[in-house]
Amino acid sequence: MAEISFAEATRTWVLNAASSTYAFRLDEDDAPSHVYWGPALTAAEVGELGVTTQPWWDGFNDPNEGLDELAADGGTRYWTPALQVRFADGTRALEWRYTGHEITGDHLRVDFADRHCPLRIALHYRIPHGTDVIERWTELAGDAEVVRADSASWALPVLDDYRLSHVTGRWAAETQLERVPVAHGETVFASRRGITGHHANPWVMVDDGTATEDHGEVYGVALAWSGSWRMTTTRSSTGRLSISGGFGQDGVVHRPPLTTPVIAGLYTRGGFGAASRAWHDYVRQHVLPHPEELRPVLYNSWEATGFDVTEAGQRALAERAASLGVELFVMDDGWFGARTGDHAGLGDWHVNEERFPDGLKPLVDAVHGLGMKFGIWVEPEMVNPDSDLYRAHPDWVLHHPHRKRSELRRQLVLNFARPDVAAWAHGWLDALVGDHGVDFLKWDMNRPFSEAGWPGEPDQDRLWVEHTRAVYALMDRLRADHPGLRIEACSGGGGRIDLGVMARTDQIWTSDNTDALDRLRIQHGYSQLYPARAMSAWVTDNPNFVTQRSIPLRFRFHVAMAGVLGVGGDIVEWSDEDLALAREQIARYRDIRPVVQHGALYRLRPPSGDGLVALQYVLGDRSVVFAYRQATHFNAPTRPLRLAGLDRSARYLDAGSGRVHSGAVLLSDGLPLTLPKGDFASTVITLTRQDTH
Ligand code: GLA
């Protein structure tokens with residue numbers, strides 16, 4: 001149980017999470033200053049910690065350098081600023097004055113004001129029940145120009161060395177894991193695109209360079225925000241490292257009142273594997289709206305039909321999907337307005353009457369009649385210039401009066417910060433969901449911002465934050481009014497993967513790249529922070545739509561079955577043999593799904609080279625092992641696959657082989673793997689703990 005205490009004498013707050021402790025104090029000048037983050041200590045033990053600052057004789061560094069809880073620019077603070085302000089009289093920066101605090105259960109709020117200028121600052125800390133996560137955010141009130149307002153600064157203990165784990169990527173190659181030594185100075189990961197972005201993802205993990213998948217201390221920080229963001233890791237020659245993260249971007253000025261998004265920090269022992277499992281638990285229990293649910297097997301029509309959507313075509317796909325064991329049928333792009341290609345129709349959210357002469361109802365009813373839920377693709381924040389909406393409201397898009405309106409994918413961005421635009425979007429989405437019994441929205445966002453202006457509005461910069469807030473508010477409102485509605489977040493694949501969108505969606509479309517081989521790496525990077533329960537993965541056709549690679553169907557299924565399984569191929573054209581295999585694998589997935597979606601993930605062999613990749617999920621008495629081998633090499637030695645997360649003293653039945661293994665042997669020596677011969681070989685093994693009585 002989380003416990004938060006305050007020691008008056010030393011003006012120190014101690015936050016005890018499930019198995020770790022975080023502490024900070026007020027320094028002589030009232031600035032909130034970091035004390036400790038690491039393995040659990042009692043408040044009394046924290047009181048014994050000496051305060052380490054820079055030596056007094058170093059006249060070039062502030063003694064508290066790198067220790068600020070929210071590094072405010074000003075005075076002798078030269079560290080990466082988390083808070084930069086400018087007041088009406090020209091005064092820059094902040095002088096802290098503590099005004100009080102409040103502890104309410106798992107939540108701490110500490111209040112400050114500037115000593116002279118009109119600004120109040122509240123630092124918030126919250127420990128979600130049963131976790132080691134510390135959620136932090138900052139609130140600003142008063143009158144100032146806020147040049148930068150990060151959610152928090154995180155000071156790490158002095159380590160022998162520092163290494164960063166993060167993901168990089170691009171469209172159709174998102175979440176590529178990197179582990180790099182931290183350079184001195186500032187390392188910045190960011191998005192200036194108005195969306196989370198494919199190129200970086202708003203989290204970092206830091207270790208001392210010695211952590212492995214199974215051993216070592218790992219510090220992680222993740223931002224819950226789906227607009228532009230910055231995360232800066234600063235390594236100083238004085239030996240310290242800190243992380244500052246928040247929304248916004250250089251040059252965009254905010255005005256109070258302002259509440260930053262949550263930034264979550266997590267200290268773990270047990271290597272990168274334990275860190276990921278702790279993040280997954282947090283996301284499942286405290287971020288996703290319906291933690292207890294199992295996500296259904298879905299079918300999505302995009303790769304099968306592209307823009308060639310017809311009622312008859314969708315019905316045929318739906319009938320076939322139902323016969324395979326699919327539970328949710330999703331009609332993708334191409335059903336509305338003049339949307340027969342990417343050139344037109346976005347914004348005209350009424351059904352295309354040539355394609356659906358009797359409206360959507362017959363298809364929705366047919367899908368429901370087949371025992372499936374009905375889902376539909378939408379891209380509410382976008383408009384094609386060739387649309388009735390744009391012809392009627394050319395001023396609704398982000399633009400500057402005398403500038404070009406740059407198109408990407410032949411579309412422009414609607415300004416959701418405008419209340420009339422947000423109200424319009426609510427109107428048609430509410431009707432679409434309510435009138436047609438839509439169970440699921442695939443909510444897409446297929447381009448970043450550009451020319452982000454709002455002519456006529458005195459404070460145009462606020463659109464950067466308020467667009468994202470308006471999208472959140474709209475999702476929240478739709479969910480509240482339609483409790484059965486579930487949402488998949490998508491932004492050209494994985495351009496909007498973050499804790500902010502996960503708080504109001506049920507799963508994420510991980511990547512437009514459905515090539516099973518590429519997916520192993522994408523899913524590996526995704527799994528560093530985000531759980532399989534929210535990782536949507538489809539089985540599609542050969543050759544692959546994006547990569548043109550052909551891979552056996554069994555391998556494609558086995559890769560997608562490690563997340564939320566979907567099918568996205570042209571199943572009407574599949575052979576009887578493929579359909580039989582699909583039926584079998586979907587049934588298998590529905591059996592193992594609780595373990596995959598709710599279990600603890602162990603990454604046994606990460607993707608590297610063309611060798612064996614293996615992962616394992618464990619939930620209660622059941623465990624599922626996935627093993628994939630891209631290529632065989634003549635006479636290459638093999639070794640058993642050492643498992644994890646099992647009980648040494650128990651025995652486990654491998655349902656496939658009928659063999660019973662001792663937990664100790666599986667953990668110490670391993671599971672002998674018998675993969676089919678040839679390249680792209682894969683297997684899924686289920687192990688069930690045997691009753692020992
Ligand atoms: C984006 C999505 C795809 C598909 C298309 C439709 O690229 O990521 O899955 O929905 O849009 O235009």
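Guide: In what follows, Ala, Val, Leu, Ile, Met, Phe, Trp, Tyr, Cys and Pro count as nonpolar, Asp, Glu, Lys and Arg as charged, and the others, Gly among them, as polar. The model is predicted. With those classes, the shell around the ligand divides into 6 charged, 4 nonpolar and 3 polar residues. In total 13 residues surround the ligand, and the closest are D332, D333, K442, G493 and D512.

An N or O atom in the side chain of D512 is 2.5 Å from an oxygen atom of the ligand. N446 places a polar side-chain atom 3.2 Å from an oxygen atom of the ligand. On its own, the ligand has 310 Å² of accessible area, of which the protein covers 97%.

Rolling a probe the size of a water molecule over the atoms shows where empty space is left. This structure holds 5 cavities of 30 Å³ or more, and the largest cavity contains about 150 Å³ of space. It is lined by 18 residues, and those closest to its centre are L520, Q523, H524, S527 and L615. By class, this lining has 13 nonpolar, 3 polar and 2 charged residues. At least two lining residues come from each of α10 (516–526), β31 (600–605) and β32 (612–619). The largest cavity lies between domain 2 (298–596) and domain 3 (605–689), because both give residues to its lining.

Some backbone details remain. Most residues other than glycine have a negative phi, and most peptide bonds are trans. Two peptide bonds to check are cis: the bond from P256 to P257, with omega near 0°, and the bond from N542 to P543, with omega near -15°. P257 belongs to the loop between β18 (241–247) and β19 (258–259), while P543 sits in the loop between β29 (535–539) and α11 (553–560). A93 is not a glycine, yet its phi is positive, at about 75°. A93 lies in the loop between β5 (83–86) and β6 (96–104).

Key
Residues are numbered from 1 along each chain as its sequence is written. This is a predicted model: local features need pLDDT of at least 70, side-chain atom pairs count only at pLDDT 80 or more; totals for chains, interfaces and linings use all residues. Side-chain values use heavy atoms; hydrogens and water are left out. A residue is near a molecule or strand if one of its heavy atoms lies within 4 Å of it. A polar contact is a pair of N or O atoms within 3.5 Å; within protein, one must be able to donate a hydrogen and the other to accept it, and residues adjacent in sequence count only if both atoms are side-chain atoms. Accessible areas come from the Shrake-Rupley method with a 1.4 Å probe; for residues, only the protein chains shown count as cover. On a 1 Å grid over the protein atoms alone, a cavity is a set of points where a 1.4 Å probe fits but cannot get out, and a pocket is an open set with protein on both sides within 12 Å along at least five of seven lines; lining residues have an atom within 4 Å of a point. Grid points are joined across faces, edges and corners, and a volume is the space filled by probe spheres set on the points. Helices (H or I, at least four residues) and strands (E, at least two) are DSSP runs, numbered from the N terminus. Domain bounds come from an automatic or database domain assignment.
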